[in-house]
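Morning, everyone. Let me put the structure up.

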Amino acid sequence: MTFVNDTSRSPRAQVRPIAIERVELEGFVRRYQDLMKSTSLALQYEYLESSGRIDNFRKAIGSIEGDFTGWFFNDSDIYKWIEAASYSLAYNEDSEIRTRIDSLITLIESVQKKSEGGYVNTYFTGKRASEKWKDLKSKHEFYCAGHLIQAGIAYKRVTGNESLFNACISVADNILKTFPDDDCEVTTGHPELEMAMVELHRETGNRNYLEFAQRLIDNRGKGYVGGDEYHIDHVSFRDLKELAGHAVRMLYLLTGAADVFLETGDETLLAVLERLWIDLTSRKMYITGGAGSRYEGEAFGEAYELPSRRAYSESCAAIANVFWNWRMYMIAGDAKYLDVLERSLYNSVLSGISLDGRRYFYVNPLEDVGNHNREEWFECACCPPNIARLLTSFGGYLYGTTLDEIRVNFYEASRASIPFRDGEVSIVQKTAYPHSEEVNLVISTDLDTDLSILLRIPEWTDGDFDLQIDGVKQKIRPEKGFVRLEGNWKGKTEVSLTLRMRIRMMTANPLLRENTDKVAIQRGPLIYCAEGVDNPSFDVRTLSVPSKRNFELSESDALDGNPVVISGKGIAYDLDDWDKKLYNSLGSVKSKGKNVRFSLIPYYAWNNRGNSPMCVWLHVH
Ligand SMILES: [Zn+2]
């Protein structure tokens with residue numbers, strides 16, 4: 001059985017996970033999972049091959065000639081691909097994917113046999129072997145090892161085959177042997193190993209891995225990886241007052257710290273996590289759930305520094321935001337973390353991949369002049385396989401349990417068989433979420449016992465929802481983002497939930513000055529944008545929408561997955577009135593602009609029909 005994060009025995013986990021195999025998706029995310037199997041994983045593999053990443057393993061064992069090529073962290077893309085492909089096998093058997101994983105594992109094992117003590121890293125095999133562990137700040141050995149360990153755990157959980165897992169144990173034990181005690185000047189230049197070591201502890205029961213992860217966190221701020229903000233080594237972890245530095249590094253670090261807390265209950269870690277979560281959600285997160293606003297250093301900016309056009313918002317940062325919020329939810333059981341997770345997933349993560357599963361954004365701006373493109377691959381290709389491993393594992397996020405509850409975390413057409421006490425509860429969801437507000441759940445069980453079923457009421461509903469059980473209307477107030485349905489569920493019960501998706505015109509804090517006097521349109525969990533291809537008669541950046549919400553909804557037939565399109569009548573400012581001037585005195589431009597019909601699509605779906613200008617934040621009148 002495959003848990004994404006196996007917190008089933010974690011002392012501080014309020015919510016326990018459900019295995020991926022227990023939840024079969026049939027809806028919106030399933031479309032992406034099928035794309036992974038049919039297209040994305042194969043295409044990514046071709047790039048792993050053609051870019052020389054797999055050849056680096058062959059070179060390391062001498063089966064082909066030549067020196068390592070590409071970035072020194074390129075091994076990690078192979079490991080992330082194995083992790084993603086493994087999850088996919090849990091519900092989408094594919095002999096070609098399985099054969100490819102097995103051939104990669106053989107290569108990894110061969111490299112390990114060539115190296116001393118269980119070490120695996122093709123950059124440091126052969127002539128650079130003497131440089132191992134000399135540059136923890138920049139050379140990503142821990143980062144690569146972390147991804148290898150996560151891949152080995154995933155492959156073992158899905159297939160029961162322990163070959164790669166055993167190789168990972170040797171990798172991890174080699175690290176413990178190399179850095180045996182508190183005298184070692186050790187921490188991660190790019191966090192990632194923290195969460196991998198905690199998961200290895202969960203899989204093996206060996207506390208040494210957990211203690212090493214804790215040590216990596218305790219050793220921050222000591223100057224072992226440069227002492228600077230970029231590497232989050234400028235202060236100790238517990239003295240972090242705000243998010244700073246490289247966004248993916250920071251969010252991976254917080255994810256790893258949350259993992260350590262789940263096992264140790266160290267409250268001094270939780271205090272930091274809660275403090276920085278507030279900093280993120282109230283000052284430093286895009287409305288799409290993206291994070292990291294600066295190209296320079298791929299970094300967090302100051303509070304309210306969230307430029308749309310120059311947003312960095314790396315796909316990996318949104319994925320890390322999902323990882324971190326998932327763990328915060330397991331710690332606290334509060335759906336506010338799932339709200340942020342959902343915002344990131346359906347907007348910033350999904351914008352990272354094209355609707356045909358072939359191309360990716362590294363950077364996810366909220367406004368564009370029409371020259372930002374997804375690409376099939378990158379020299380630094382962290383994002384594509386990262387998106388793949390999240391989407392292929394999403395079934396594991398849908399539900400959770402506590403001692404006396406089953407929790408419905410997310411809505412997606414699906415069939416689940418949830419183990420509970422000495423029986424099972426089947427939940428079938430029928431819904432076109434996130435495009436539709438209707439969710440029907442059929443709950444069936446032979447269990448003759450009291451049990452609470454909790455349904456998440458997303459924050460964007462503002463409490464506006466309808467709930468019926470077997471046709472009888474219920475009035476229950478949500479607590480911590482869930483309505484609690486108590487009772488004995490023996491037999492079959494139908495639950496109908498309507499999560500009213502009225503169109504919300506979102507405004508930004510006045511200190512986010514770039515968005516002052518603008519609105520972003522949100523329907524359900526989806527943020528919308530205006531794209532030039534739908535609005536050819538005007539520049540979408542001149543569009544002003546009426547604050548009177550007179551919008552029409554229709555289903556797009558131009559975009560895969562047929563998302564809901566929002567259209568209406570607005571104004572496009574006439575640039576001729578400006579006579580090519582940049583500035584004018586207030587009131588001197590008399591024209592009110594021209595009346596136009598506009599059309600908005602979900603942000604995740606933009607840039608799938610060629611290049612044209614796009615913007616999320618719109619003028620309003
Ligand atoms: Zn990335």
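Start with Asp-466. Its relative accessible area is 24%, so Asp-466 is partly exposed. On terms: buried is under 20% relative accessible area, exposed is over 50%, and partly exposed lies in between, with a 1.4 Å probe and protein chains only.

Before the partner, the ground rules. This is a predicted model, where local features need pLDDT of at least 70, side-chain atom pairs count only at pLDDT 80 or more, and totals for chains, interfaces and linings use all residues. Residues are numbered from 1 along each chain as its sequence is written, and side-chain values use heavy atoms, with hydrogens and water left out.

Now the partner. Asp-466 forms a salt bridge with Lys-473, with the closest N and O atoms 3.5 Å apart. A salt bridge here means a side-chain nitrogen of Lys or Arg within 4 Å of a carboxyl oxygen of Asp or Glu. Lys-473 is exposed, at 52%.

How many salt bridges are there in the whole structure? The search finds 47.

Next pair. Arg-9 bridges to Asp-6, closest N and O atoms 3.8 Å apart. Arg-9 is exposed at 59% relative accessibility. Asp-6 is buried, at 8%.

Third pair. Arg-309 forms a salt bridge with Asp-368, and the closest N and O atoms are 3.5 Å apart. These two link distant parts of the chain, 59 residues apart. Arg-309 is partly exposed at 34% relative accessibility. Asp-368 is buried, at 1%.

Last, a network. Salt bridges link Lys-156, Arg-157, Glu-199, Arg-202, Glu-203, Asp-259, Glu-263 and Arg-327.

Over to you.

Technical notes:
Helix = DSSP H or I, 4+ residues; strand = E, 2+ residues; numbered from the N terminus.
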